[in-house]
Amino acid sequence: MTLKFNPANSKLAKLYKNRRTKRLLAMVTPSGKVLQNVLKVYSFDLPAGHSCPSANLCKSRVDIIDGKRKIVDGSNTVFRCYAASSEVRFPAIYNNRKLNFDALRAVVSLGKEGIARVINHDLPSDAGIVRIHTSGDFFTRDYFRAWLIVARQNPHITFYAYTKQLKFWIDDMDSIPENFRLTASRGGTQDDLIDLHNLPEARVVYSESEAVELGLEIDDDDSHACLQDGSTSFGLLIHGTQPKGSEAGKALQLLKSAK
Ligand code: SF4
C-alpha cells in the first residue's frame with residue numbers, strides 16, 4: 001500500500017508566503033543562484049482520534065454508523081477536533097487518512113527501521129517542509145522513532161508536528177534531530193509533562209484577548225510550529241465546528257460575528 005502525502009491545505013499554504021519559512025523552500029543552484037519556491041509543503045495525516053492515544057479535551061473521531069460517517073466526541077471533549085470535522089464533511093479526506101493508518105498498522109511489526117523505510121519510500125522528492133499530522137498523532141513509540149529516522153535521513157527537509165504523546169518526546173529528547181520540530185499540544189492526558197519539562201506548547205484559545213491574557217501570540221500560518229526553536233509557545237484560535245451549546249461553540253459564534 002502506498003502512503004499518501006497531501007499538498008498544503010489553505011493554512012499550510014501560508015508557509016509559502018511567510019518570509020521566514022519561505023527560505024526553507026528555496027534551492028541554491030551549483031552556481032549559487034537562489035531559486036524560490038522550488039520545494040513544496042506537504043502534510044501526512046492519520047484519522048483524528050483513532051490515532052491519538054493521549055487526546056483528551058479535543059478528542060473526537062469519525063465512526064461509520066448506519067453506513068454514514070458520524071462524529072463521536074470523547075467523554076471529556078471541551079473543544080471538538082477540527083480534523084474530525086473535516087473527515088465527516090469530505091469522504092476523500094476520511095479515506096486518505098484511513099488508507100495511511102491501515103498501511104502503517106500493517107507494517108508495525110517491522111519496527112522503527114521498517115516503518116521508516118515505508119515512509120521514506122513515499123516521501124515526495126520535492127518536499128521542503130513536511131507537517132507530520134494535520135490530523136492524528138504518533139500512535140506508537142516505534143512510529144514516533146521511525147519519523148526521527150526519516151528526519152535524520154533527509155536533513156534538507158524541515159519536519160514538524162504538534163503532539164500530545166509527550167512521553168515519547170521526553171524519552172528521546174537528546175536524540176531529536178535539528179530538522180524535527182515539536183510543539184506540545186495542550187489538552188491531552190499527559191499535559192502535566194508540559195509544565196514539568198517546560199515544553200513549548202500550543203493552546204486553543206477562544207478569543208484574541210484570551211491569548212493576550214496568557215501572553216501568547218496567535219499563530220495563523222503554522223510558522224510558529226514550523227520554526228519551533230524549542231521555546232516558543234503560542235495560541236491557536238478555536239475553529240472548525242463545535243458541539244451546539246458548548247463554551248467552544250459560543251466562542252466560535254462570537255468570533256464569526258466579529259468578522
Ligand atoms: S490529538 Fe489532534 S488530531 Fe487527535 S483528536 Fe486531538 S486535535 Fe484531533
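Helices (H or I, at least four residues) and strands (E, at least two) are DSSP runs, numbered from the N terminus. The model is predicted: local features need pLDDT of at least 70, side-chain atom pairs count only at pLDDT 80 or more, and totals for chains, interfaces and linings use all residues. Residues are numbered from 1 along each chain as its sequence is written, and side-chain values use heavy atoms, with hydrogens and water left out.

Valine 150 lies in helix 5. Its relative accessible area is 0%, so valine 150 is buried (buried means under 20% relative accessible area, exposed over 50%, partly exposed in between; 1.4 Å probe, protein chains only). Contact means heavy atoms within 4.5 Å. Not counting residues up to four places away in sequence, valine 150 touches Ala116, Ile119, Asn120, Leu123 and Phe159. Proline 177 is 27 residues from valine 150 along the chain, and their C-alpha atoms are separated by 10.0 Å.

A nonpolar core is a set of buried Ala, Val, Leu, Ile, Met, Phe, Trp, Tyr and Cys residues joined through side-chain atoms within 4.5 Å. The largest such core has 40 residues. Leu104, Ile119, Phe138, Tyr143, Trp147, Phe159 and Phe180 have the most contacts inside it. Helix 5 (residues 141–153) supplies the largest share of this core, eight residues. Tryptophan 147 touches Phe5, Phe44, Ile119, Ile132, Phe138, Phe159 and Phe180, residues up to four places away in sequence not being counted. Another core, of 15 residues, lies apart from it; among its members are Ile129, Ala225, Leu227 and Leu236.

The second largest pocket was examined next. A pocket is an open set of points on a 1 Å grid over the protein atoms alone, where a 1.4 Å probe fits, with protein on both sides within 12 Å along at least five of seven lines; lining residues have an atom within 4 Å of a point. Grid points are joined across faces, edges and corners, and a volume is the space filled by probe spheres set on the points. The second largest pocket holds about 220 Å³ of space. Of its 15 lining residues, Trp169, Ile176, Phe180, Leu182 and Gly230 are the closest to its centre. Strand 9 (residues 180–185) gives the largest share of the lining, three residues. The lining divides into eight nonpolar, four polar and three charged residues. Here Ala, Val, Leu, Ile, Met, Phe, Trp, Tyr, Cys and Pro count as nonpolar, Asp, Glu, Lys and Arg as charged, and the others, Gly among them, as polar.

Alanine 48 sits in the loop between strand 4 (40–44) and strand 5. Alanine 48 counts as buried because its relative accessibility is 0%. Leaving aside neighbours within four places in sequence, alanine 48 is in contact with Ser60, Arg61, Cys81, Ala83, Ala84, Glu87, Ser135 and Gly136. In helix 2 (residues 82–89), Ala83, Ala84, Ser85, Ser86 and Glu87 are buried. Their cover includes strand 5 (60–65), strand 6 (68–73) and helix 3 (91–105).

Most residues other than glycine have a negative phi. Aspartate 66, in the loop between strand 5 and strand 6, has a positive phi of about 50°. Aspartate 66 is exposed, with a relative accessible area of 74%. Aspartate 222 has a positive phi of about 70°. Aspartate 222 lies in the loop between strand 11 (217–218) and helix 9 (223–226), and is buried, at 0% relative accessible area.
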